[in-house]
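This report describes a protein chain for a reader who is new to structural analysis. Please examine the sequence and the model shown here before reading on.

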Amino acid sequence: MTYHIPVMLNECLEGLNIHPQGTYVDVTFGGGGHSIAILEKLNKDGRLFVFDQDIQAKNNLPDDPRVTFIHSNYRHLYKFLRLHKATPVDGILADFGVSSHQIDTPDRGFSIRFDGKLDMRMDTSSPLSAWEVINTYSREQLTALFYKYGEIDNARRLTSAIKEAIEVTGQIDTTNQLSDIALPLSKGKGSKYLAQVFQALRIEVNDEIKAIEEFLTQTPSTLKKGGRLVIMSYHSLEDRPVKNFMKYGITHGIPEKDLYGRFECPWKLITKKPIEAQPKEQEQNPRSRSAKLRIAEKI
Ligand SMILES: C[S@@+](CC[C@H](N)C(=O)[O-])C[C@H]1O[C@@H](n2cnc3c(N)ncnc32)[C@H](O)[C@@H]1O
């Protein structure tokens, strides 16, 4: 089984505009596909710092003295890079979401295709799993997260169905049990509905949107002037804060303007519109179909 096929590899490398002696950061190491390609462009003085909150990713680390693995959430980007005396850096790459390996491991509970325990933690030492969310959250909490993170319009009905099932069986333990409860509520394509339910849970369990926002706000102080920020998102909830941050320097809302209508933004946009994968890549790698790549340069 391939751990993960890197998406838009050449486009990401071009976006990083790699200097051979530079210092780069891949905050979502995963199978290391992007990282290994970055290393190939660095000379002996170049350095690469890689983050992953999933310790399993460390098994993919190449035996190369130029690489440092940081087992942490990328929301702690600046702290760890300072600790390693690596700031400021020349480029940061982020490839959000889960790896194919994580999705394809039934026990991790990420996939609607296999039965597994309700888990969905990328960091397996984290105390909050999908089991706790489903079995211990209040009606209000569940409805809110299905609505907000899954964009599920009958979120209230879904929550009621889950609560009724818990009353009957005591608890919900597996992904198949959850799918059986949710599926009858789907108005259109069942797999699409389940994907929304699972997405909502995954985002909640891993606190994904807040982590992205915290990461983004640290990038200007982490990069050198002229350094590149290269980010790949896979759905609108991930892409929205990135788009806003690159345009306005804040993750949501519009910035305060001075008398002349000017505002401070640390970025020059390299991509006015997001780059999408070429048709051939989309055909070969279905995961690339929803990818949006945005690139900005620190000014
Ligand atoms: C889409 S995969 C990256 C694949 C990688 N670019 C490759 O070529 O193999 C995302 C990886 O980032 C990790 N990840 C996701 N969110 C994270 C976060 N907030 N902090 C640290 N790692 C994270 C996941 O555990 C996963 O291994």
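Pro88 is found in the loop between helix H3 (77–83) and strand E4 (89–95); helices (H or I, at least four residues) and strands (E, at least two) are DSSP runs, numbered from the N terminus. A cis peptide bond, with omega of about -5°, joins Thr87 to Pro88. Met8 belongs to the segment before helix H1 (9–16). In general, most residues other than glycine have a negative phi, and most peptide bonds are trans.

The model is predicted: local features need pLDDT of at least 70, side-chain atom pairs count only at pLDDT 80 or more, and totals for chains, interfaces and linings use all residues. Residues are numbered from 1 along each chain as its sequence is written, and side-chain values use heavy atoms, with hydrogens and water left out.

**Domains and their interface**

The chain is divided into domain 1 (9–100 + 208–298) and domain 2 (106–206), with bounds that come from an automatic or database domain assignment. Their C-alpha centres are 29 Å apart. Twelve residues from domain 1 and eleven residues from domain 2 take part in the contact, where contact means heavy atoms within 4.5 Å.

About 1,200 Å² is buried between domain 1 and domain 2, and carbon and sulfur atoms give 49% of this area. Buried area is the accessible area (1.4 Å probe) that two parts lose on being put together, summed over both. On the side of domain 1, Gln53, Val98 and Glu208 lose the most area to domain 2, together 48% of what that side buries.

The rule finds four salt bridges across this interface, as well as four residue pairs in polar contact (both at pLDDT 80 or more). A polar contact is a pair of N or O atoms within 3.5 Å; within protein, one must be able to donate a hydrogen and the other to accept it, and residues adjacent in sequence count only if both atoms are side-chain atoms. Helix H10 (208–222) and helix H11 (236–248) each supply at least two residues of the side of domain 1 that touches domain 2. H11 gives the most to that side, with four residues.

**Salt bridges**

A search of the whole structure finds 16 salt bridges, each being a side-chain nitrogen of Lys or Arg within 4 Å of a carboxyl oxygen of Asp or Glu. Two of them are listed below.

| Salt bridge | N to O distance |
|---|---|
| Arg108 and Asp54 | 3.0 Å |
| Asp90 and Lys224 | 3.1 Å |

Asp90 lies in strand E4 and Lys224 in strand E5 (residues 223–233), so this pair ties together parts that are 134 residues apart in sequence.
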